[in-house]
Protein chains: 2
Amino acid sequence: MLAEAIFTGTELLLGQIVNTNAAFLSKQLAAAGISLYRQVVVGDNLERLREAIDDARRRADLIIVSGGLGPTEDDLSREALAAALHLPLVEDQKARENVTRYFAARQRPMPSSNLKQALIPAGGRALDNPYGTAAGVFLEHEGKIFVLLPGPPREFEPMVREQLLPLLEPYGARREVIFSRVLKIAGLGESAVEEALKDLLHGTNPTLAPLAKPGEVTLRLTARAADTEKAQQMIRPLEENIRRRLNDYIFGSDEDTLEGVVGSILAERRLSLAVAESCTGGLLAHRITNIPGSSDYFLGGVVAYSNEAKIKFLGVAPETLAAHGAVSREVAAAMARGVRRAFSAAIGVGITGIAGPGGGTPAKPVGLVYIGLDVQDLVEVQREFFVGERENIKWQATQGALYLLWRHIRQFCSP
Amino acid sequence: MLAEAIFTGTELLLGQIVNTNAAFLSKQLAAAGISLYRQVVVGDNLERLREAIDDARRRADLIIVSGGLGPTEDDLSREALAAALHLPLVEDQKARENVTRYFAARQRPMPSSNLKQALIPAGGRALDNPYGTAAGVFLEHEGKIFVLLPGPPREFEPMVREQLLPLLEPYGARREVIFSRVLKIAGLGESAVEEALKDLLHGTNPTLAPLAKPGEVTLRLTARAADTEKAQQMIRPLEENIRRRLNDYIFGSDEDTLEGVVGSILAERRLSLAVAESCTGGLLAHRITNIPGSSDYFLGGVVAYSNEAKIKFLGVAPETLAAHGAVSREVAAAMARGVRRAFSAAIGVGITGIAGPGGGTPAKPVGLVYIGLDVQDLVEVQREFFVGERENIKWQATQGALYLLWRHIRQFCSP
């Protein structure tokens, strides 16, 4: 099955946004064994979009159009497909529900312009879009398949996975699959990871590909096989080999996050947590509370930006601040202990550092961060030095804190 | 001058890399006043690449091909261009120097496969590439311009800027520039914004394009003119018109963020701020502290996830919690007031709500959020209802809080 994809949007032709849908779709189709031979980007222009669809259907069996399903006059994918195939646009009940439901859920009146989102080319079927107003369209016509999907990635991506791919199965998408598993590493830099796995990096099936992100290295293990189970079998010995070498750093796999893994351990062992943040400014609490159910173990936090707040809410002694400065091993320890006690938690974390761009000195430069951890009265402080912009340093500091926490609760509290 | 761009690379069709060259090139061409009407991505296949070049030259005056200039057998852009135009490939002295120089500088012997990088279609000229082995190609043929550039972004980007754009000037790249200005709106949904500006959405120069993001709508005003100053002049009356209609919602422009704008006003008016967060879990403090210099006005915050924390740190009365529940107008007000007093700040913000996915009831569903604001003892509470996933609701709630804050300090505290 040969596929061609068309991406519509003047913002793509002006370079205002990067076409991430193209990479996403290509990857998904490759994994499903469908060959994507061509991607085309055109602007929000009826004639050029119609022409692109017309060209594509002469070459390909499957034509996917991303974007142009919104309510404005610039949104022309429905019209272009109908024009290319000489089909009328008709109102579709499911598409209509998709748009009315959206406004009903928000208790807002629906602008009349949205009504055009209920139209689809005759003979097609609407694809449910739980993430926005625009239903997708699936149409078989003269032996070719045409698919329209909404452009925003947060709608496009789940619709490809949940709606499009299952629909393509009966159309002879080859049974070869590409299966990937991702291992996630913290507490170790990219070069150290590559050094440890040097001899494993040149395999062809499965392949092993490291990718560095701030405060994290991911390893992608990929195998091609007749089915998913076989691919998983091929990956297993490679994964076991890697785990033997990097056990203390692999905190999770696939969609795991450090905050999610830490949360699971805390919930399972019934340990409560409170955090005191200076330079990370709330990001640590934010990441912890991104996990559904975090209220079971996360009692709360204090963002103590000023010295007064550190004294008042965390019980940091004014003398400690005076003697060592706010960014010091001693204050990080006092913050961890102080917040643990103030919230009566099992575990307290305290972070103090210099996120920049201002505030650095030769002795205490931007990027210097102390992370304190108080686990049931055992206090440890880690000194870190991060490089990057302000937000990047904040992120790495929270990553460092979560890693320290993970290492300790995994080890210290194991049954 | 109409342009079409072709990007070659199987890795693009497999989704292994994102096509950042497309966005970069589009932006550069737009700024130079060249209209890019189409982008096409094809794999490393001679026939399909030749066909793409052949199609493009029937539509466009300028055809740019990115990628396929390397030394391997998969690199076929030279061959495809020569085939499309029925020209022989000939060795070019400059292209040959480009590749031999590269190896000489690294004191490595040149593999013989690299010799093909010295070939270009007859009649063309080589474009110097100081960043790699592959020279580019510039060729005028039957009134059309063909350009081949290397694919790696670290080679492609400087070559577009330093080699391609200067070469296009004599070819009537109009002296026109495209200038955009972005206005940023909070507190109003996309449909309401479009409704208010309906009559302005159909202009052609300047154009006005709305884009919805969670908790924010951006308006892009774009003008084409002979120079930037003239374009700015064309945009000004449109901007003034929009500002007259949506003055209470336009919080900034271009790279402004709501937290940055709020921070500037707080700093300028010497107002201090403290925040109490329940459902947003630290995200509000995180956003505020992303702004460099926020320590001048931001005193700190409390993430009060538990009722105990709300009582202990924020002085919320247990009776208030018992009578109205933690998610209530009364508790939001008490949190705002409590955190303002605890930190001795001029302004306090309190947020309480249900971020989901659990914890909702028919009376208090997921997405219900109360935002309390205490500005120098004047308390106001806003009731909001957000739809989305947990993180999305957290984001929208902080956006709502920052918008409420902005509206108040702008108005209440204006000199």
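Guide: One definition comes before the rest: UniProt positions are given in the numbering used here, feature names are shortened, and annotations may be inferred rather than shown by experiment. With that in mind, the unreviewed UniProt entry places the feature "domain: MoaB/Mog" at residues 4-171 of chain A. This is a predicted model, in which local features need pLDDT of at least 70 and side-chain atom pairs count only at pLDDT 80 or more, while totals for chains, interfaces and linings use all residues. Residues are numbered from 1 along each chain as its sequence is written, chains are lettered from A in the order in which they are written, and side-chain values use heavy atoms, without hydrogens and water.

Visitor: How much of residues 4-171 of chain A is helix and how much is strand?

Guide: The span is 40% helix and 23% strand. Helices (H or I, at least four residues) and strands (E, at least two) are DSSP runs, numbered from the N terminus.

Visitor: What makes E51(A) and R59(B) a salt bridge?

Guide: A salt bridge needs a side-chain nitrogen of Lys or Arg within 4 Å of a carboxyl oxygen of Asp or Glu. For E51(A) and R59(B) the N to O distance is 3.6 Å, so the pair meets the rule.

Visitor: Why does the salt bridge of D55(B) and R59(A) join two chains?

Guide: The closest N and O atoms of D55(B) and R59(A) are 3.6 Å apart. D55(B) lies in helix α3 (residues 46-59) of chain B and R59(A) in helix α3 (residues 46-59) of chain A, so two chains are joined by this pair.

Visitor: How many residues does each chain bring to the contact?

Guide: Chain A gives 63 residues and chain B gives 64 residues, where contact means heavy atoms within 4.5 Å. Between them the two chains bury about 5200 Å², 56% of it on carbon and sulfur atoms. Buried area is the accessible area (1.4 Å probe) that two parts lose on being put together, summed over both. R38(A), Y305(A) and F313(A) lose the most area in chain A to chain B, together 11% of what that side buries.

Visitor: Why are strand β2 of chain A and strand β2 of chain B called paired?

Guide: Two strands pair if DSSP finds at least two bridges between them. Five bridges join these strands (residues 35-42 in each chain), which run antiparallel, so they count as paired. In β2(B), Q39(B) is the bridge partner of V41(A).
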